Amino acid sequence: MDWDDLRIFLAVARAESLSGAGRRLKLDAATVGRRIARLEEGMGAKLFVKSPQGYALSESGDRLLPHAEAAEQVFAGADEEMSGIAGQLTGQLRIGAPDGCANYLLPQVCAKIAEENPGLEIQVVALPRVFNLSKREADMAIAVSRPTAGRLTVQKLSDYHLSLAAHRDYLAKAPPITCKEDLRHHRMIGYIPDMIFDKELDYFAETEAEVMGLASNSAAVQTRMIEAGAGVGIVHDFALPFAPGVQRVLGDEIRLNRAFWLIRHADDRRSERLTRFAEALGQGLRDEVARLEHAAVEI
């Protein structure tokens, strides 16, 4: 069995389409289809079931999948060794992260790692959703809650805090805020309720406000709305140094504690390269959260 055929099989299994696999492999969909047909012919079994929704694994495909993933790990390890890069941070790595983390923390963290490792290309995918590591949408992902299912390895990266905040210009012209009940008279800013992808992001109930006036599925957009003087909302403490004029409100009553978790595919724990990158990423994130939250104390 040819490894290159297995590589294409894995790409189709993860993308669930020939075109999606082709984009990852830099091949046209027709070529991917021919290679899958050749693999199926050689194995004497149909590996995929085609439907309007795309390509789903057949029973034979399900049986082949773990063997193909194991082969992928072996070839990845061999490539590191033969290229002389074992234990070094080189090549391309993709991190998925919620946009608050991606906008305010990862630029500084990744810049430092890249400076120390010139041969490393780091891609940060900032999306307000959960990443599917089984489909290799990213090499690793940062999440705001610990997953409870899947073949994953999970480690806690850092605690962080969030506060109720508003721009000083807004506060100067709006009714005073001395307790949670006063928030009912203010324009609140938060997440679009039906687009909250993780329960840890559901902050609105903790404010006891009744109506949300402005909403976005992006934490960074919410922060910019608050910075524009549009209302009151929950802001990451580590984002406050990037939002001039934004200050905490009801600091003694509303301060939320959350955590970032690093998630990797279980098979990747054998990769020294990914492990070293995860260690550098974790340390860098902890340092940056501490630095920015300390700076926010002065605000």
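**Notebook: cores and salt bridges**

I started with Glu288, which counts as buried at 9% relative accessibility (buried means under 20% relative accessible area, exposed over 50%, partly exposed in between, with a 1.4 Å probe and protein chains only). This is a predicted model, where local features need pLDDT of at least 70, side-chain atom pairs count only at pLDDT 80 or more, and totals for chains, interfaces and linings use all residues. Residues are numbered from 1 along each chain as its sequence is written, and side-chain values use heavy atoms, with hydrogens and water left out.

Next I looked up the partner of Glu288: a salt bridge joins Glu288 to Arg291, with the closest N and O atoms 2.5 Å apart (a salt bridge is a side-chain nitrogen of Lys or Arg within 4 Å of a carboxyl oxygen of Asp or Glu). Arg291 is partly exposed at 46%.

I then checked Glu200 and Arg258, whose side chains meet in a salt bridge at 3.1 Å, N to O. Glu200 sits in the loop between strands E7 and E8 and Arg258 in strand E11, so the pair ties together parts 58 residues apart in sequence. Arg258 is buried at 12%, while Glu200 is partly exposed at 23%.

Last, I turned to the largest nonpolar core, which has 59 residues (a set of buried Ala, Val, Leu, Ile, Met, Phe, Trp, Tyr and Cys residues joined through side-chain atoms within 4.5 Å). Helix H9 gives this core its largest share, eight residues.

Key:
Helices (H or I, at least four residues) and strands (E, at least two) are DSSP runs, numbered from the N terminus.
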